Amino acid sequence: MSEQKKDLGQEILKEINQDHPKTEQARKPFLGKAAIPLLAIVTGLIIGALLIAITSQSVYAAFGESIGKGFTQAFSEIGTAYKALFTGAIGDPIRMINAVKGDDAKELRQAFNPFLESLVQSTPYIFAGLAVALGFRSGLFNIGVEGQLFIGAACATYVGYSITGLPAWIHMPLAFLAGALGGALWGFVPGFLKAKTGGHEVINTIMMNWIAFRLTEWLLSGPMTRPESGGMPISPIIQKTAEIPQFFPSPIRFHLGFFIALIVAYLIWWLLFKTTWGLNLRTVGTNPRAARYAGLSTAKSIMLAMSLSGALAGMAGAVQVLAVNRSMALGLSSGYGFDSIALALIGNTHPVGVVLASLLFGTLRNGATRMMVVSSIPIDIVDVVQAIILMFVAAPAIIRSIYHLRKPKQEEQQIFLSGWGGQS
Amino acid sequence: MTTSSRVIEHKRVAEISSTRKIIIGVVEILIGLLIYFAFAAKTAGDALTKFVMTPGGIDQGIMADWILPSKITLTILAVVSLVIGIYQVIKGFGKWTNLMVGISALSLIFAFLVWQAAGKQLNLAGMLSSAVLLAVPITLGAFSGILAERSGIINISIEGMMLMASMVAAIVGSVTKNPWLGLLGGILSSILLALILGVLSIKYKINQVISGTVINIFSAGMTAFISQKFLQHIQGLNNPKMFTRVPLPGLADIPLIGPILFNQNIFVYLMFVILIILQVALFQTRWGLRLRSVGEHPKAADTLGINVIRTRYMGVILSGLVAGIAGAFFTLGSVGRFDEGMTAGKGFIGLAAMIFGNWMPIGAIGAGMLFGFADAIGSKLSLLGSAIPPQFMAMAPYLITMIVLAGFIGKGQAPAAEGEPYEKE
């Protein structure tokens, strides 16, 4: 028993020490922690470029003529594609400079629209990435973000269109919170099952995903269908009072939801790193045994963390409906659920990292839409690049051996996840 | 310390606690009541249910149709479940408990079908036959999981391996016009992904769930990319020759069983062959003992001179091989073309079947059949014009998986060292 107590004391000391890494970080060299993610991103983009070149028929045709022509063709195609990616994601620099010099407000907005649109695309990623990151911090792997997002969106939509006569300052938050609540419920179920029966959250959240898809399919073609849609699975348009406002006239979609996402990210940071609750949660996540010795309830922590994670995912769905789409259809999500896993890991499961990674992914996806139009490269290339980035971030040793980086003195913090049995 | 506590846990699992005994009994009683009040009471007294007992388009092993009086059949099924439940609450079935749960669940399913088809006809044999076919990817997925996990590697990328294999099989099968080469191509692509999983989890010691996720995202993106870039424009790339039905001489003539089990395509036979090989190899050979010892206690295995790293790579690669067969099934044995995301979570359900089957091949095939059957019911009932929305029927396999995982059937025993990278000291 005394040994256990000693163990506990050391664990708590370790945990407290971990809580103040800032002083150490300040002494680290330039880039420091960001070096691996940055190099992973660069490498991912290089591999994406290779993929563009090797799947292009005209590159092969050019190689047939001569090797030099082949390389020229390959580089010009990669150049066109990545230029389209850049202008689609950020904007055309020349047009932007001219617009700033000129005094046409409309032209100014339009020139900066690609950049603003990237922020719009990043917004659901921030919520979804935070959801997964919060799970990881508490030792849980929430693959169910996609399902939680759908349920959240459905709840927000329902509150958004069915309630009438409320002032906007009540209706909009209400619809948004309904989304969060729906997602929380969808996250709570696997959390409860994990805490009470040990059923692994990975399988359970995936099952909940499929149930959510079928459920929303049924809702949108049955009880929640738009009467004039003629059997198409789409919901009625939400009331004006439930809309999250957009700042500029259409087609610019930049909206308040982006700032809500930043505020939520700040709140999650505060919750995780500045409250006792967050400390408990992280202790359960990094060392469940120590947490149990310290008398923390792992079951309660798991259920809370999964619910909160689900709530964040639900917000992602709600913000898409209330701010962007204004009604719900089945094509609501372009795979935010799986992308968010990569986001959380690239962002080192830290809220600030997640926000930065989300901006990157939102920008990539926004740019890829333009790349698809210009170079007819399927948008799914983004997924491939993301998978590669994720692989490198998860296995820093590969990146280090490619770029001949030195091994860090400190052992990197590994994410703790349990096996199927649920025991640890 | 961990080993001894595991033994104790194992014993506790073997004994059925008294609360669980009563809960199971109550559930069985509820099933009986449900059958009576929801189905039997709502069926007209003179309604007949006609079950066709030969799958459509088959002329071997014909069996006469079953014509059942709906109400009486339903009442009998209700009574069966009630009696089982009452006996379970009062005395308990001991080691037969799971069997009795199974009988009660089967009564419920059968009663549901009798009720839905009352006054109509339903091709029960056709449903069972398609259930076997639908079970193939799930069962093979479970076998794939068993091979990896018995060696101590969690493989959640079966889904991604299957998806990649289904696409490559379709392309190779279309180009070569030979389904066997297509199958081979699919298997090779899946093994390649398995190798990546192996390197990431064994060499780089990344968390195995994360390295599996990498492969899943990669596969989903890559297959969608290639499909949009090539398959949708060039029809000749996505038009493979499929494996056709091969009736096994003699066996295919057995009524009912013949058409369902012995008049199928090569994938169904492969499933049974792999089952036998796996069951024997894992539990009767030295090879199997070594593989399992690496999954249970790698340090001990290493001390005895077993190469843990090599054994784990072997487990992962074999896992990829089986997942490749499962993937090729979609394009070469079922649909005949590749569609984006066509595996639709079957790989994950396969993992659930593995857990349900307690990491045993024979258990996995049982679970796979159950999931296949749930799938088949869903698609058949929507044809029958059921009042239940097809989306709800489609949820059934997922719900069953969750209930199973929650340990309603009793908790299994995962390989002890699973998920832990091995570090030689």
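**Entry 1: domains of chain A.** I started with distance: the C-alpha centres of domain 1 of chain A and domain 2 of chain A lie 30 Å apart. Domain bounds here come from an automatic or database domain assignment. For chain A that assignment gives domain 1 as 34–89 + 359–405 and domain 2 as 121–349.

Before going on, I noted the ground rules. This is a predicted model, where local features need pLDDT of at least 70 and side-chain atom pairs count only at pLDDT 80 or more, while totals for chains, interfaces and linings use all residues. Residues are numbered from 1 along each chain as its sequence is written, and chains are lettered from A and ligands numbered from 1 in the order in which they are written.

**Entry 2: where the domains of chain A touch.** I counted contacts (two residues whose C-beta atoms, placed from the backbone, lie within 7 Å). Domain 1 of chain A puts 12 residues into the contact, and domain 2 of chain A puts in 9 residues. On the domain 1 side, α16 (351–375) and α17 (381–394) of chain A each give two or more residues. Which of them gives the largest share? It is α17(A), with 6 residues. I then sorted this side by class: 7 nonpolar, 3 polar and 2 charged residues. Nonpolar covers Ala, Val, Leu, Ile, Met, Phe, Trp, Tyr, Cys and Pro; charged covers Asp, Glu, Lys and Arg; the others, Gly among them, are polar.

**Entry 3: chain A as a whole.** I found 18 helices and 0 strands in chain A. Both are DSSP runs, numbered from the N terminus: helices are H or I with at least four residues, strands are E with at least two. Of the 424 residues of chain A, 51% count as buried. Buried means that 20 or more other C-beta atoms, placed from the backbone, lie within 10 Å of the residue's own.

**Entry 4: domains of chain B.** Chain B is divided into domain 1 (14–119) and domain 2 (129–405). I read 31 Å between their centres, taken over C-alpha atoms. Their contact takes 10 residues from domain 1 of chain B and 13 residues from domain 2 of chain B. The domain 1 side has 6 nonpolar, 4 polar and no charged residues.

**Entry 5: chain B against chain A.** I saw 40 residues of chain B in contact with 40 residues of chain A. On the chain B side, α8 (208–231), α14 (346–356) and α16 (390–405) give two or more residues. The most come from α8(B), with 14 residues. By class, this side of chain B divides into 28 nonpolar, 10 polar and 2 charged residues.

Notes
Buried ≥ 20, exposed ≤ 12 C-beta atoms within 10 Å, placed from the backbone.
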